[in-house]
Amino acid sequence: MDSNKPFSKVSVILFLVIFCDKVCSYDTSRVKKHGDNAHEKFYDINSLLDSWQEACQSESGGIVSVPDGTFQLDPIEFEGPCKNQVTFQLDGTLQAPTGIINGDDWIKFHNIDGLIIQGSGTLDGQGASAWQDKCPSCPPLTTSLTLSSVTNAQVTGITSLNSKGYHIKVNKGGGTTIEHVTITAPEDSPNTDGIHTSEANNINILNSDIGTGDDCISIGEGTQNINITGINCGPGHGISIGSIGKNADDGSVSGVHVMSCTMTSTENGVRIKTWTSDCSATVSDVTFHDITIDQASNPIIIDQQYCGGSHEYPSHVQVSDVKFINVHGISKSEVAINLQCSSTMPCQGIELDTIDLSLDGGEQTTASCSNVNATYDGSQNPPPCSNSLYHRHL
Ligand SMILES: *[C@@H]1O[C@H](CO)[C@@H](O)[C@H](O)[C@H]1NC(C)=O
Ligand SMILES: *[C@@H]1O[C@H](CO)[C@@H](O)[C@H](O)[C@H]1NC(C)=O
């Protein structure tokens, strides 16, 4: 399978036709109803896992289907390897158990090559029942949908609602396309990142609406080659690379291309954040292109003093070759461009090309820089930092 190409519609439809018999008979027989209330349905984990096994062992590929309706589902892990591509067809709503639950993941796919998750259904993490009990310094709560060591996956159409922690996590593996998804949680929900990637490569995140309580998309350590295009983000903390360097062995991030995205009422627009630590990972070859800012507090920000406490101890993560091209719109704060780089590893090859960021009333914004080696091209609003280490206006 070509990891960069979405699966063709025709093959998916053929697939559905061929396997319809199996799917249709499965739907009703495997759903257990408890009590008199017809809305109170529970998925019997074992029968869902049986269905997964059947689909996973099918030589010609199989389908697991969640029909219309609302079903409660305990944490579950769909394990590969599978004999061929497997489709998880989500038409109904799956609800996580209420409150804080044990484990990092609610619905986890692991060790699979060739996975389609599609449908108009919803994963409801029931986060509101858990957020209030989360201690602020504890790690994020349970992720709703995890793809771990999954290659050649396509996630399309589904909605993730009120995850307890991250909505979608892609860890290891690659060749992943996430497209036309809707991600929703309140602005004040803790660590509900929309999509988080780590140690994964060749990822496309396209044409999706993400509004949540933390980063709409966070590009974590070890992410290589990721295209993010056509994202409407807000509320949320924007599209972020990082935080990188919390652990000494964090992997480098390179090949990040963020294009045609809109940030509406977000905390940040586009951000790179690294910890003050000895970690020697790098962040390089990053482009933010055609970004519309509709009220963000920090439209363009590099923060290499993240969570460190002591500013005397610098980040050792080298940030280089980062282009901001055609970033325009309304900044909520006067400092529209804030580039705070490491004193030991100044940012190299930062390029600002055609920037237009004003305050709501049209007033002038400013730029603040430290330890930045920057190049400017095209019109600049705010005006370039006066204290760049090196400063060339093309
Ligand atoms: C990202 O986009 C570029 C340019 O369109 C393309 O060459 C590259 O293959 C894409 N990367 C992935 C992971 O699909
Ligand atoms: C800034 O970048 C230029 C061009 O790449 C390079 O020649 C110069 O050494 C850099 N200066 C500093 C202080 O890093």
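Modeller: Gln126 is in the loop between strand 9 (122–124) and helix 4 (128–131); helices (H or I, at least four residues) and strands (E, at least two) are DSSP runs numbered from the N terminus. This is a predicted model, in which local features need pLDDT of at least 70, side-chain atom pairs count only at pLDDT 80 or more, and totals for chains, interfaces and linings use all residues. Residues are numbered from 1 along each chain as its sequence is written, and side-chain values use heavy atoms, with hydrogens and water left out.

Colleague: Which backbone oxygen does the side chain of Gln126 reach?

Modeller: That of Ala96, at 2.9 Å. Leaving aside residues up to four places away in sequence, Gln126 also touches Leu161, Asn162 and Lys164, among others; contact means heavy atoms within 4.5 Å.

Colleague: Turning to helix 3, which residues are buried there?

Modeller: Ser47, Leu48, Ser51, Trp52, Ala55 and Cys56 are buried in helix 3, buried being under 20% relative accessible area with a 1.4 Å probe, protein chains only.

Colleague: Why should helix 3 span 18 Å?

Modeller: Helix 3 (residues 45–57) has 13 residues, and at 1.5 Å a residue it should span 18 Å, which agrees with its end C-alpha atoms being 18 Å apart. The expected span is 1.5 Å times one less than the number of residues.

Colleague: And how many helices and strands does the protein chain have?

Modeller: The chain has four helices and 26 strands. Of its 394 residues, 55% are buried.

How values were computed:
Chains lettered and ligands numbered in written order. Buried < 20%, exposed > 50% of the residue type's maximum accessible area, 1.4 Å probe, protein only. Polar contact = N/O pair within 3.5 Å; in protein donor to acceptor, adjacent residues only side chain to side chain.
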